[in-house]
Amino acid sequence: MDAEGPPTLCDLCLAQVCQSLSSLCSMRADGSMSLIWAPVFPQETADQLLNHMAAKEILNDTTVGIFRSCKELRLRRASIQSCPLSAEAFRLALCPHRLLELDASWVSGGLTGADIVSGLASNPECRSSLQRLSLSGLRLDWESLEANGGIHVGFSSLRGLRMLNLANTDLNDAALEDICNLPHLETLDISCSAISKLTALLECKNTLRSLIAHRQRHLDMSPAQLLFVFSQLHALKHLDFSEHHFSVDDSDGRDGDETVRQLLEGSPQVLPSLVSLDISGRKRISEAAIRSFVESRSGLVFLGLLATGVSSCDFFSTQKSLKVTGEADENQVCEALRRYRDRECFIREALVHLYSLTTDTDKPQPDVLKLVVSGMQRHPTSLHIHLVATACVFNLTTQDLAQAMPISLLSSTVTQLLNTMKNFPNHQQVQKNCLLALCSDYILQEVPFDKYLAAMLVINWLSSHEDPTLQRMAVAVISILVAKLSTEEMAQFSKDIFIMKQLLAIVQQKAMVGVVDSTLKFALSALWNLTDEMPVAARNFIECRGLELYEEVLESYYTEPSIQQKVLGLLNNIAEVEELQADLMEEDILEHILSLLQDSQVDVGVRYFAGGILAHLASRPDAWTLENELRSTVLKQLHDSIMTWTHLEREMVSYRSFHPFCPLLQTCQPAGVQLWAVWAIHLVCTQNTSHYSSMLEKEGLTELLKALAAHPSTHSDIKGLSDSVLSMVEQHQIHAGAFNNQTAPQCS
């Protein structure tokens, strides 16, 4: 059972609303949507609807218009992260709400930090109600607002703010001074900003509990000045003064490194109440200093030491309550993946160590896989992350490990692998890693994901790579995926003649040297599935000179039944298409197929497919263009040969439908043609009675079989098999009816 469980009823309802927005809404004159009718939503549900729309990437200037209805949809905790919104759409839809929290990180569409702050400040309720605001990744751009006639309203106007995230913005010293006038500010993130001085923090020294100042490259303060500021932050419990690990210039951050060294080695009276300290990426840190710092601060519960070189200190083995990010063991690495989700440099570093730690793992670790996938999702354009992450995915899902994972997790993992293949089409190692992870029979057969997209990505990759090992894997993946496509997807896939050429080229390459390997077998299977009830693909096969190639393969691999079955299976598909039967009317190839049918030493599976080709071609006397004597021989040998076939226990063939059998079961057909069709139906029904019995009923073949069994001129051999099939169908109906009666709800 999936450990994550099914989606909640609320999630399903919200997903349906998102999917049906166009039919639930009317359009305003400005192009925005308005709900035609809506009840008053529970407040939390309104927040969830907005979050769902953002997560599904359908929140934009048009759809956000539904939230102008403040009475029905009351927002309190709003997330518009990464959504394309304009300043005007934001002002009209979100600013009228009495918001408590707003996450506008990395929004696009021209919305700036200044637009957001001035818009929120225009609502008197928001000025006091808003407690948490995240503008990470935005341009603040106060100048542009003023140039367009707007009034400069600073952060300090939002008097209720307790948490403010301005990481990766153009935050400067003047704006920081304004921020530090907030009376209740507790948490501040100024990572990767343009700040040069931290002295403004002294204004909020009695309220600031958490300071995140990762990668402060523009700081112009001496270690002594920095330490003085830190020492005055009396309420501070969480300090992140980490640094980017992959520094271009070794002198970068040197003052920061020295500040950290002095903090660790200095007086325990500096930041005595610290609960967490993150100094990942800092250099020149000693194990002795770390030990002294931890021992003098009993309340410390977290220490960030990734890429410092000291996370493997033996001292940590005695600190059971202390969580550490580092590279000493899997716990430290996973802690890094959890805490540094938005920091590419640290995620990359952690994944490198995770790869080494999981190379020989034999224990399913779904929580770890989830962290890896999360890192990939957070950094979709980072080649470094995806290169290592895809290798980690392979380590965590290889062999039987995947079977112990929740299906929903595997589904999201494969979806992410496909996104990675799309985003990095020319990077051979990334593509190879994805292919290695995909090449799992369990994943391909049991996990739901976009099989059509996967097949297209793999076939495109195959066109530019000839590495034998990777070629084998790619063809194996394609052969399984093609069989999993829906009829509509298969029709679309089969139209591409390029795909046919790719697979035929592999068959020709192998046949030229007479090799029998899995790559050849997978390629033949893919071609067989590709042409199954797909006339367009069958025509492409003929136009690509596939018939000539397959005739050579039949003769070259006479002693290889597994190869011959796949070749004859595809020729069966062509023989089912009436307008293509003329292409098979060549005496040499038909006589060769007839010889396979007649030879009692040949595998029954081979004779079965040989018989199928001949039955379809002989079923239309008006279209037979060769000697009538040959047709008579074919019909006689069909009957004689089939009666010698032994029953097959192994599954040899599966059918999408029985439609191609309908012409063969007519009472006017020769006995040899009828016998092959009935024998084929009997074969698959005995192997999978439930599936094929239902198919026979649905497609009307039971009526054809009844008519055949009742017709006075029908051969007794055919009547016997027909009655046997009808008996199986009847038994299946009886069992199905009994089961339904047992499981039906009772009224008394």
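**Reading the cores of a predicted model**

The protein chain has 34 helices and twelve strands, where helices (H or I, at least four residues) and strands (E, at least two) are DSSP runs numbered from the N terminus. This is a predicted model, in which local features need pLDDT of at least 70, side-chain atom pairs count only at pLDDT 80 or more, and totals for chains, interfaces and linings use all residues. Residues are numbered from 1 along each chain as its sequence is written, and side-chain values use heavy atoms, with hydrogens and water left out.

User: How many residues does the largest nonpolar core have?

Analyst: In soluble globular proteins, nonpolar side chains tend to be buried together. A nonpolar core is a set of buried Ala, Val, Leu, Ile, Met, Phe, Trp, Tyr and Cys residues joined through side-chain atoms within 4.5 Å; buried means under 20% relative accessible area, exposed over 50%, partly exposed in between (1.4 Å probe, protein chains only). Here the largest has 156 residues, and Leu571, Tyr608 and Trp676 have the most contacts inside it. Helix H31 (residues 671–687) gives the most to this core, eleven residues. Apart from this core lies another of 100 residues, including Met33 and Phe41.

User: Is H31 mostly covered or mostly uncovered?

Analyst: H31 is mostly covered, with 14 of its 17 residues buried.

User: What span should H31 have?

Analyst: The expected span of a helix is 1.5 Å times one less than its number of residues. For the 17 residues of H31 that should be 24 Å, and its end C-alpha atoms are 24 Å apart, which agrees.

User: Which residues is Tyr608 in contact with?

Analyst: Contact means heavy atoms within 4.5 Å. Leaving aside neighbours within four places in sequence, the partners of Tyr608 include Trp645, Trp676 and Leu683.
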